[in-house]
Amino acid sequence: MSKTLRRIKTHRKAKNIINSFYDNDPLCLLIHYSCESFYEIKDGKTPRITSIAIKYLNTGQTKSFSIHKIAELKQIPIDQIDNNYDKLEKKMLNKFYKFVKKHKDYKWIHWNMRDINYGFEALKYRASILGAKKSNIKEENKFDLARLLIDKYGKGYSSHPRLPSILEMNNISSKHWLNGNAEAKAFEDKEYVKLHQSTLAKVDVMENILKTTAEENLKTKSNLRDIYGINPQGLFELAKDHWLYSLILIVFSTILGILITNWINGSS
């Protein structure tokens, strides 16, 4: 398979997957979570989970799980959370996995939740350590929006870090947003509400990015070569995706056909 053909197939597959979310949106969820910074942990332990946010794609309703809300229910003061963290985190993860069990056939759309440092495996591992009940999400039901954007637009579609970069390019509001360093400081300062607000903000902006992408309105740094490749196949795919390029291709083909016909008639 040629490089161009591979690029076209990757682009087309990513586009179809993103469109499928809206074809079947009652069964789609967006998920993000916040945790202790894994860069600051010196003893090799997995980071503590502080909050998890899940948003229904079709209704926009958000379900969240957080240690400070569990603490409130247990009437534990917020400045005592660190003394009860294991108990609170276990309770939070039990509630989260109870939700997972009820939504096991849903599509779970995430941003870079791919490994034991940060991802579904990290959540499961924390649940195992604390003795919380777990429920599996099938691998085929996990969709990494970060990778889908790379597949659709090419690796250079935005600067690093990609998420804040794509937000800036598209003027997407990021109220309550905290970057990695700010989240780490909020954890150290026991600002659990601020962490939770940041988690909620991130599922909101993920939804905005997803919708803008599906509508073909996402602004990126990619050019047509990055997306489609430059050869007849790439031009054909471009024409299929955009009516204007399709019209240009038809006009060009018509003019070329007329010129060839005139040349043949003139030569005979």
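A polar contact is a pair of N or O atoms within 3.5 Å; within protein, one must be able to donate a hydrogen and the other to accept it, and residues adjacent in sequence count only if both atoms are side-chain atoms. D144 caps the N-terminal end of α5 in this way, with a side-chain oxygen 3.0 Å from the backbone nitrogen of A146.

This is a predicted model, in which local features need pLDDT of at least 70 and side-chain atom pairs count only at pLDDT 80 or more, while totals for chains, interfaces and linings use all residues. Residues are numbered from 1 along each chain as its sequence is written, and side-chain values use heavy atoms, with hydrogens and water left out.

## Overall

The protein has eleven helices and five strands. Helices (H or I, at least four residues) and strands (E, at least two) are DSSP runs, numbered from the N terminus. Of its 268 residues, 44% count as buried. Buried means under 20% relative accessible area, exposed over 50%, and partly exposed in between (1.4 Å probe, protein chains only). Contact means heavy atoms within 4.5 Å. Among contacts between residues at least 6 apart in sequence, 71% join residues at least 24 apart.

After α5 comes G154, whose phi is positive, near 95°.

K190 follows α7 with a positive phi, near 60°.

## T213

T213 sits in helix α8 (residues 192–214). T213 counts as buried because its relative accessibility is 0%. Leaving out residues up to four places away in sequence, T213 touches I18, L149, K152, Y153 and L218.

## The largest pocket

Rolling a probe the size of a water molecule over the atoms shows where empty space is left. About 900 Å³ of space lies in the largest pocket. Of its 30 lining residues, the closest to the centre are F38, Y39, N112, G180 and K202. On a 1 Å grid over the protein atoms alone, a pocket is an open set of points where a 1.4 Å probe fits, with protein on both sides within 12 Å along at least five of seven lines; lining residues have an atom within 4 Å of a point. Volume is the space filled by probe spheres set on the points, which are joined across faces, edges and corners.

The lining divides into 15 nonpolar, eight polar and seven charged residues. Ala, Val, Leu, Ile, Met, Phe, Trp, Tyr, Cys and Pro count as nonpolar, Asp, Glu, Lys and Arg as charged, and the others, Gly among them, as polar.

F38 lies in the loop between β1 and β2 (49–56). F38 is partly exposed, at 28% relative accessible area. Beyond its neighbours within four places in sequence, F38 is in contact with P47, N117 and Y118. F38 and N117 are 79 residues apart along the chain, yet their C-alpha atoms are separated by 6.8 Å.
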